[in-house]
Amino acid sequence: MASTARIKQTAEQKLEQSLLAELTALRLQQPACRTLQIAYSGGLDSTVLLVAVQRLLAADKALHAAFHLQAIHVNHGLSPQASRWEQHCRSVCAQLGIALSSHQVELAIDSGDSVEEKARLARYRVFSEHLHEDECLLMAHHRDDQLETFFLRLQRGAGVDGLAGMPHTRKLGKSQLWRPLLNLRRQELQAYAQALSLQWIEDESNADLRFDRNYLRQQLLPRVKDRWPGYGESWQRSMNLLAEASELLAELAAEDIGRVEQEKAVSLRVQALRTLSESRQRNLLRHWLLANAYPDPGWQVLCRVVKELIPAAETARTRINWQGWILQRYRELLIIRRELPLQSTRQALPVIDFTLAGQNEFALLPEGGLWQEIKLPDNGAVRLYKRLGQGLQMPRHSPLQLGYRQGGERCRLVGRRTRTLKKILQDAAIPPWLRERQPLLLHDGEIVAIPGIGVVDGQQAGAGEEGLECSWSSRNGLWTGGGSATL
């Protein structure tokens, strides 16, 4: 009996001492965090984390004052037992006095899809959407999970970042994700659960060898351990070295980005990129895209950018599409923009009718005040401001019409000579993919102003007259060279 008591005490103490150090560090490093949200599936690992955190908060006055404890459960609906598991989680949390929020997701699984990956992405999407700035998500990943992740990512050809393993902490939506059990082994969590006689769910899918992680855990790693009993320690050393290399690459990328970025999150200077080696170009591009929340480009996309876009001529029309985004050359810039739906130049756009009521409203505006914001279908908005002696002369008796170019238009802007609309847009540095989307202001079917570019000669407001200043803000994500343009 004495021997059993010592084992029980050791199992509890070791895990809780390690977790206490983690929570103390979290309290110091994340002072804005007031609520700890446990990602609770009902399985062994998350049950241990939930109970251990609750015990520590009850025993430690500083932690109890610093944190409120809650749990969050995601029901994937993949198992016939999913509803029973959710009810188990509710029951356990009710017994512990912990509030639980549960969220059900529907997974669209197509042929060839990884069910594991689909479920993982859905789970993190729920966490990201429902956690707040003053919350931290605690996940129960441990060292064995980390080693399995290393092997699976190695098999998939991951780079330095991937092979460094799951990060101990990272940003997740508005909140912070924290993995406080990464230094502990699965058997230590199991010993803790048995010592406290905890009850948990056994997911029947854990025995399904069709899933890569199960096959690795049950078939491959036991053989690796038989041959190399210390593989865990050596793999962990490699992961630590890779994590250090990843940090150094991130620091190098930050320095390089500072030298080549033209406009934050939008464009890079090609000439500056060309001074870097291809490996540094790929490193810079990957960190730049991920830091600005673009999708992970992957190795193939990065190689194409380095081989096809950066060396290309200024007039090259080459572009690279991936996941709804486009990388392409524009003059001496490498820019990123959204894929755009086709723009119909024949669609009817709103009429701007300067009636008596509109005149009265306009007259009451201060100089520079916003008169109207007109939403364009899938093309941002045109904004009209009040100006005195500037911009477009206000029509009194007939309305203005918004429209798009039809081809062959010519006009003469104030202070310039008559030119084709195509040439005017080129000179204004409107990129080719936005020229068909450039709105025009028409009066009696004739161009009187081009929002963001200029007013047609003879249509400008005279000294002391009320005038319209007109700007076009393209839809969020459409690159215009300056974000918006103003007359």
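**Entry: a sheet and its helices**

I began with strands β7 and β8 (residues 267-269), which pair in the antiparallel sense over 2 bridges. The model I am reading is a predicted one. Across this pairing, I found Glu263 opposite Ser267 in β8.

Next I looked up the sheet to which these strands belong. I noted an open sheet of 5 strands, in the order β7-β8-β11-β10-β9, with antiparallel pairing. Its edge strands are β7 (261-263) and β9 (319-322), and each of them pairs on one side only.

I then checked which helices lie against the strands. Helix α10 lies across β7 and β8, and runs at about 55° to β7. Helix α12 packs on the sheet as well, where it touches β7, β8, β9, β10 and β11 (333-338). The direction of α12 makes about 155° with that of β8.

I also looked at one residue of β11, Arg338. Arg338 has a relative accessible area of 30%, so I put it down as partly exposed.

**Entry: aromatic pairs**

How many aromatic pairs does the structure hold? I noted 7. I took Phe151 and Trp235 to begin with: their ring centres are 6.0 Å apart and their planes stand at 20°, so I recorded the pair as stacked. Phe151 lies in helix α6 (residues 143-155) and Trp235 in helix α10 (residues 231-260), so the pair ties together parts that are 84 residues apart in sequence.

Are these two residues buried or exposed? Phe151 has 25% relative accessibility and therefore counts as partly exposed. Trp235 has 18%, so it counts as buried, because the limit for buried is under 20%.

Another pair I looked up is Tyr294 with Trp325, which is edge-to-face, at 4.8 Å centre to centre and 80° between the planes. Tyr294 sits in the loop between α12 (278-291) and α13 (298-309), and Trp325 is in strand β10 (residues 325-330). The two are 31 residues apart, and the pair links distant parts of the chain. I found both Tyr294 and Trp325 buried.

I went back to Phe151 and Trp235 and found that ring pairs link them with Phe150 and Tyr231 into a cluster.

**Entry: nonpolar cores**

Which residues touch the most other members of the largest nonpolar core? I noted Leu441 and Ile450, in a core of 38 residues. Strand β20 (residues 446-450) gives the most to this core, with 4 residues.

I listed the contacts of Leu441, leaving aside its neighbours within four places in sequence; among them are Ile352, Leu392, Leu400, Leu402, Val448 and Cys470. The list also includes Gln401 and Glu446.

Another core lies apart from this one, with 37 residues, including Ala66, Ala71, Cys89 and Leu100.

**Entry: a hairpin**

I looked up strands β13 (residues 370-375) and β14 (residues 381-388), which pair in the antiparallel sense over 5 bridges. Leu370 has Tyr385 of β14 as its bridge partner. The two strands form a hairpin with 5 residues between them. In the turn, I noted a positive phi of about 60° for Asp378.

**Entry: two helices**

The axes of helix α2 (residues 44-59) and helix α4 (residues 82-96) come within 12 Å and cross at roughly 10°. I therefore recorded α2 and α4 as roughly parallel to each other. The contact is made by Leu50, Val51 and Gln54 of α2 with Val92, Cys93 and Leu96 of α4.

**Entry: positive phi in two loops**

Most residues other than glycine have a negative phi. I looked at Ala293, which is not a glycine and has a positive phi of about 70°. Ala293 is in the loop between α12 and α13. Its relative accessibility is 71%, so Ala293 counts as exposed.

For Ala429 I noted a positive phi near 60°. Ala429 lies in the loop between α15 (421-427) and α16 (432-435). With a relative accessible area of 26%, Ala429 is partly exposed.

Technical notes: Residues numbered from 1 in each chain as written. Predicted model: local features only at pLDDT ≥ 70, side-chain atom pairs only at ≥ 80, totals over all residues. Heavy atoms only, no water. Phe/Tyr/Trp six-rings, centres within 6.5 Å; stacked < 30°, edge-to-face > 60°. Buried < 20%, exposed > 50% of the residue type's maximum accessible area, 1.4 Å probe, protein only. Pairing = 2+ DSSP bridges. Contact = heavy atoms within 4.5 Å. Axes fitted to C-alpha atoms, helices over the stretch in contact; angles between N-to-C directions. Core = buried A, V, L, I, M, F, W, Y, C linked by side-chain atoms within 4.5 Å. Parallel < 35°, antiparallel > 145°, perpendicular 65-115°, else oblique.
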